[in-house]
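Please keep the sequence and the coordinates at hand while reading.

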Amino acid sequence: YLDHDRNGKPKKAGSIYIQKLNAKDMTDRNTVIYGHNMRNGTMFAQLKKYRNREFFDKHRDIYVYTPGHILHYKVLSAFVYDDRHILNSFNFYDDEDYVDFLSDCINPSSLAKQVCNDITPVTTDKIITLSTCTNIDTERYLVVGILQSDTPQNKSVKCKMQNGKLMVREAHDKYKVGKADPLIFHLTLSLNTKKALMFLHQ
C-alpha cells in the first residue's frame, strides 16, 4: 500500500494502511497506521498541524469506524521519532516493552513534541500510532491516541464524504450527518476487503 490504492491499483500517494503484524480488527495493544506526508495535503500530511499546541489541544478525539464497531481514541501525544520499525522494535505482548514505548510517548526526546497533561497511560490501555514521514529520511512524525471506548454496532454502518461533511448510514436508513465534522482529514483503511473510515473530531 506504499504505492498502491486500496483496490490494488498503482498510486503515488499509496494508501492509509496497517501491516499484517497488527490484527485487522485493531485489538492489539498498539495498532500502527501508516500514511504518506503528501505535498498536496492529502493522506497524513495534516498530522504536522499537531506541532502547534493550540491545534493539538482542540483536536484530541479520533473515531475509527470498523465493521461492527466505533472506536474512540483520545490523543496522548504528537512528536518526531526515529525511523525504526515500531512493531519489530518493541514486543507489545511484553509489559516491559510496552512501558518502554509508552514512556517514549509521554516523554519524547524530540524538541518537536506535544504531550497532554490529563491522561496517564497504563499497560491495560490500547493505543493507535499514526505514523508519517518528515522531510528528513531518518525521522517519522507520530500521533498517538489511547482507546477510550469501543461501541458495538449491530447495524451495518456505511460512511461517505459529501460537501466536506461525514455522512453515516445505518442499515437501510438514509445517510445522515455524522456526529463530528472531519475538519482535518478523512481516509479509508484497508482491512482485507473491508473498509473503515477514520476521522478526527473537533
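## Charged pairs

The side chains of K74 and D61 come together in a salt bridge, with an N to O distance of 2.8 Å; the term stands for a side-chain nitrogen of Lys or Arg within 4 Å of a carboxyl oxygen of Asp or Glu. Because K74 belongs to strand β3 (residues 69–82) and D61 to strand β2, this pair ties together parts that lie 13 residues apart in sequence. D61 is buried, at a relative accessible area of 14%, where buried is under 20% relative accessible area, exposed is over 50% and partly exposed is in between, computed with a 1.4 Å probe and protein chains only. The model is a predicted one, in which local features need pLDDT of at least 70 and side-chain atom pairs count only at pLDDT 80 or more, while totals for chains, interfaces and linings use all residues. Residues are numbered from 1 along each chain as its sequence is written, and side-chain values use heavy atoms, with hydrogens and water left out.

R60 pairs with D118, the closest N and O atoms being 3.1 Å apart. This pair links distant parts of the chain, since R60 sits in the loop between α1 and β2 (61–66) and D118 in the loop between β4 (113–115) and β5 (127–133), 58 residues apart. R60 is buried, with a relative accessible area of 11%, whereas D118 counts as exposed at 52% relative accessibility. E54 forms a salt bridge with K58, again with the closest N and O atoms 3.1 Å apart, but here both residues lie in helix α1 (residues 53–58), four residues apart, or about one turn of the helix. K58 is partly exposed, its relative accessibility being 48%.

## Overall build

The chain has three helices and 11 strands, assigned as DSSP runs (H or I of at least four residues for helices, E of at least two for strands) and numbered from the N terminus. Read from the N terminus on, the elements follow the order β-α-β-β-α-α-β-β-β-β-β-β-β-β.

Of the 202 residues of the chain, 44% count as buried. The accessible surface comes to about 11100 Å², of which 47% belongs to carbon and sulfur atoms; such areas come from the Shrake-Rupley method with a 1.4 Å probe, and for residues only the protein chains shown count as cover. Among contacts with a separation of 6 or more, 57% are between residues 24 or more positions apart, a contact being heavy atoms within 4.5 Å.

## Helix α3

Helix α3 (residues 95–106) has 12 residues and reaches 16 Å from its first C-alpha to its last, close to the 16 Å expected at 1.5 Å a residue, that expected span being 1.5 Å times one less than the number of residues. At its N-terminal end the helix is capped by D94, a side-chain oxygen of which lies 3.1 Å from the backbone nitrogen of E96.

Which residues of α3 are buried? They are Y98, F101, L102 and C105, and they lie on the same side of α3 because they cover an arc of only 100° around the axis, taken from the directions from the helix axis to the C-beta atoms. These buried residues pack against β1 (30–34), β3, α2 (86–89), β4, β5 and β6 (139–152).

## Individual buried residues

C105, in helix α3, has 0% relative accessibility and so counts as buried. Leaving aside neighbours within four places in sequence, C105 is in contact with L76, S77, F79, V115 and V144. The C-alpha atoms of C105 and V144 are separated by 7.3 Å, although the two residues are 39 places apart along the chain.

T132, in strand β5, is buried at 4% relative accessibility. The side chain of T132 reaches the backbone oxygen of G35 at 2.8 Å. Apart from neighbours within four places in sequence, the contacts of T132 are with G35, H36, N37, F44, L47, R140 and Y141.

M26 lies in the segment before β1 and is buried, with a relative accessible area of 5%. Its phi is near 60°, a positive value in a residue other than glycine.

Note on methods. A polar contact is a pair of N or O atoms within 3.5 Å; within protein, one must be able to donate a hydrogen and the other to accept it, and residues adjacent in sequence count only if both atoms are side-chain atoms.
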